[in-house]
Amino acid sequence: MTFDFDTPVDRAGTWSTRWERHAGRDVIPLWVADTDFRAAPAILQALSARIEHGVFGYSTPPPELRAVIAERMERLYRWRIDPSWIVFISGVVPGLHLAARKLVPPEGHALIPRPVYHHFKRAMELAPRAFTELPLLLQQGRWVFDLDVFKQAVTSKTRAVFLCNPQNPGGTVFRRDELERLAGLSQNLVIVSDEIHCDLILEEGLRHVPIASLAPEISRRTVTLMSANKSFNIPAAGCGWAIIEDPGLRNAFAGDVGAHVAGSPSVFGLAATLAALQHGDSWLAAQLDYLRGNRDLVERSIGLPMAHVEATYLAWVDCVSLNDASELFLKSGVAVSPGAQFGEPGFVRLNFGTQRSRLKEALKRISASLTTSSTPSPRG
């Protein structure tokens with residue numbers, strides 16, 4: 001079966017966060033991390049069937065969804081889990097906030113990377129919990145942890161380390177040996193690992209490694225947050241899960257008011273996720289091929305330094321040489337996410353999960369803005 005990622009989809013008037021912000025203006029929105037691709041046919045069919053049924057009452061995650069997640073973890077990542085380890089939540093973001101509040105005591109301390117998706121920091125701030133940011137280093141074109149800084153950041157009050165793998169916004173796929181060193185340095189700490197982009201590996205030959213899969217003793221202190229939302233472009237459906245082996249850790253995360261705070265998946269999220277994981281792999285493979293082409297286009301056309309994107313559909317672009325790059329690009333008709341949102345004001349994050357014709361036009365506009373910004377002003 002062939003899938004069409006090239007035909008533009010008009011998202012105006014569909015309540016799209018990305019498209020509504022600049023509605024009515026000639027702006028190409030490449031900021032919020034969803035794509036402009038229609039969901040896989042299997043997902044659309046599953047949702048249609050639920051709508052045809054017509055009753056949308058309170059819903060319980062079906063046993064077959066637990067089973068298919070467990071099967072997928074073993075098949076794709078060589079990670080054997082028990083279906084009972086799975087805790088369903090409405091999404092990964094609620095999972096981050098729940099972990100900050102439930103797994104780090106009020107007097108405790110946590111470590112989070114920088115740059116990173118802004119809800120890592122917001123979860124700490126809103127809990128509130130003390131935290132230290134661990135600046136990532138650019139080494140051989142990849143954003144990685146500075147292990148010396150990591151060692152120095154751990155205190156007697158540190159209780160958790162938060163990981164984003166694949167890394168958002170840097171695009172790094174952490175290798176097994178890198179994860180082993182990180183796990184070794186974080187002994188006795190809870191690891192909260194956001195792995196929502198695990199299926200979006202663009203670099204052929206690379207494999208995602210869940211940090212919990214490294215060893216049983218690491219699994220027992222790890223909370224792995226996942227969802228089909230990014231891979232299959234269904235974030236509005238509302239479904240995610242945490243994989244937590246240790247019963248005590250699982251109860252701390254999800255017990256008492258946990259489910260009420262984080263919310264339950266919607267019936268549409270459950271149906272869409274089950275369909276995606278059961279029948280969406282051929283669509284996902286085709287999307288990955290398309291995104292690789294988009295990534296290559298960005299890397300050779302952006303005209304600014306950036307790390308090679310190993311995973312995700314997000315480019316982390318170095319704009320230190322520019323004055324307020326996100327505003328400069330917006331004036332030229334392209335909306336990107338300002339780096340300050342991720343802890344690095346000199347950068348921008350560009351979402352290339354869109355039709356290639358639209359992406360080419362956006363890159364053309366960015367190129368024109370760079371030419372304009374480098375042109376000396378005439379002397380009066």
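I start with helix H12 (281–301), which gives the most to the lining of the second largest pocket, with five residues. Helices here are DSSP runs of H or I with at least four residues, strands are E runs of at least two, and both are numbered from the N terminus. This is a predicted model, where local features need pLDDT of at least 70, side-chain atom pairs count only at pLDDT 80 or more, and totals for chains, interfaces and linings use all residues. Residues are numbered from 1 along each chain as its sequence is written, and side-chain values use heavy atoms, with hydrogens and water left out.

A pocket is an open set of points on a 1 Å grid over the protein atoms alone, where a 1.4 Å probe fits, with protein on both sides within 12 Å along at least five of seven lines; lining residues have an atom within 4 Å of a point. Points are joined across faces, edges and corners, and the volume is the space filled by probe spheres set on them.

In the largest pocket there is about 1300 Å³ of space. Its lining counts 45 residues, and Asp34, Asn233, Ile234, Pro235 and Ala236 lie nearest the centre. The largest share of that lining, five residues, comes from H2.

Next, helix H9. Its buried residues are Leu249, Arg250 and Phe253, buried meaning under 20% relative accessible area and exposed over 50%, with a 1.4 Å probe and protein chains only. Seen down the axis, they fall within an arc of 100°, so they line one face of H9; the arc is taken from the directions from the helix axis to the C-beta atoms. Pro247 and Asn251, on the other side of H9, are exposed.

Last, Thr312. It sits in the loop between H12 and strand E10 (314–318). Is Thr312 buried or exposed? Thr312 is buried, at a relative accessible area of 0%. Beyond its neighbours within four places in sequence, Thr312 is in contact (heavy atoms within 4.5 Å) with residues including Pro166, His197 and Phe352. A polar atom of the Thr312 side chain lies 3.1 Å from the backbone nitrogen of Leu314.

Methods: A polar contact is a pair of N or O atoms within 3.5 Å; within protein, one must be able to donate a hydrogen and the other to accept it, and residues adjacent in sequence count only if both atoms are side-chain atoms.
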